[in-house]
Amino acid sequence: MKKLQKTSRSKYNNKTSVYNGYPYDSAKEANYAKDLDLLILAKEIKGYSRQKKISLDVNGQHIANYYMDFEVEENDGSISWREVKGFETDVWKLKWKLAKALYPDVKFILIK
C-alpha cells in the first residue's frame, strides 16, 4: 500500500491528502480509505467506492446532491454509506438527516 501524501489545506483548515493516487479532503478520510483496504484484505467487506453522489429529491423536486465519502459493499451484499467528519456544519447536518430519511434501507455510518 502507498503512503499518505499531504498536499494542501481546505477552508476548514484540514489538510488534503493523497492515498493510493486518490485525493481526499482530509488525512482522516485518507486514513479511513486505508482502513477499508485492510478490511477488504481481511475479507470483512467486499469492496468500496469513493465519493458516492446521492440525489436528495423530495416530492419529485431535486433539492441538492450529497457526496458521501464512501459506499461500502458488505459481505452479505448490503450497502452502507460512510461519512468521515471532523467539522460538522449546519448544511451538512441538514443534508445528512435528509439523506437518512430518503434512503431508509441504507445503513449510514458516521466516522468521527
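The model is predicted.

**Stop 1: R82**

Select R82. This residue lies in strand 6, which spans residues 79–84. Is R82 buried or exposed? R82 counts as buried, because its relative accessibility is 8% and the cut-off for buried is under 20%.

The side chains of R82 and E74 meet in a salt bridge, with N to O at 2.8 Å. E74 is buried as well as R82. Side chains of opposite charge can pair when their charged atoms come close.

Then show the wider surroundings. Leaving out residues up to four places away in sequence, R82 touches Y32, L36, I45, M68, D69, F70, V72, E74, I109 and I111.

**Stop 2: N75**

Move to N75. This residue sits in the loop between strand 5 and strand 6. N75 is partly exposed, with a relative accessible area of 39%.

Select K43 along with N75. The two are 32 residues apart in sequence. In space, their C-alpha atoms are 7.9 Å apart.

Which residues does N75 touch, not counting those up to four places away in sequence? They are K43, E44, I45 and K46. Look at E44 in particular. The side chain of N75 reaches the backbone oxygen of E44 at 3.1 Å.

**Stop 3**

Select residues 45–58 for strand 4 and residues 61–74 for strand 5. The two strands run antiparallel. How many bridges join them? There are 12.

Pick K53 and look across to strand 5. Y67 stands opposite. In a regular strand the side chains alternate between the two faces of the sheet.

Now go to the turn. Strand 4 and strand 5 form a hairpin with 2 residues between them. N59 is in this turn and has a positive phi of about 50°.

R50 lies over the face of Y24, at 5.0 Å from the ring centre.

**Stop 4: two further salt bridges**

The structure holds 4 salt bridges.

Select E83 and K85. Their side chains meet in a salt bridge, with N to O at 3.7 Å. E83 is buried, with a relative accessible area of 4%. K85 also counts as buried, at 16% relative accessibility.

Next, select K112 and E88. They form a salt bridge whose closest N and O atoms are 2.8 Å apart. This pair links distant parts of the chain, 24 residues apart. K112 is in the segment after strand 7 (107–111). E88 is in the loop between strand 6 and helix 2 (90–102).

E88 counts as partly exposed, at 24%.

**Stop 5**

Finish with the rings. A search of the whole structure finds 7 aromatic pairs. A pair of aromatic rings is described by the distance of the centres and the angle of the planes.

Select W81 and Y103. They form an edge-to-face pair, 5.1 Å centre to centre, with 70° between the planes. W81 lies in strand 6 and Y103 in the loop between helix 2 and strand 7, so the pair ties together parts that are 22 residues apart in sequence. W81 counts as buried, at 5% relative accessibility. Y103 counts as partly exposed, at 28%.

Last, show the whole group. Which residues do ring pairs link into a cluster? They are W81, W92, W96, Y103 and F108.

Note on methods: Residues numbered from 1 in each chain as written. Predicted model: local features only at pLDDT ≥ 70, side-chain atom pairs only at ≥ 80, totals over all residues. Heavy atoms only, no water. Helix = DSSP H or I, 4+ residues; strand = E, 2+ residues; numbered from the N terminus. Buried < 20%, exposed > 50% of the residue type's maximum accessible area, 1.4 Å probe, protein only. Contact = heavy atoms within 4.5 Å. Pairing = 2+ DSSP bridges. Phe/Tyr/Trp six-rings, centres within 6.5 Å; stacked < 30°, edge-to-face > 60°. Lys NZ or Arg CZ within 6 Å of the ring centre and 35° of its normal. Polar contact = N/O pair within 3.5 Å; in protein donor to acceptor, adjacent residues only side chain to side chain.
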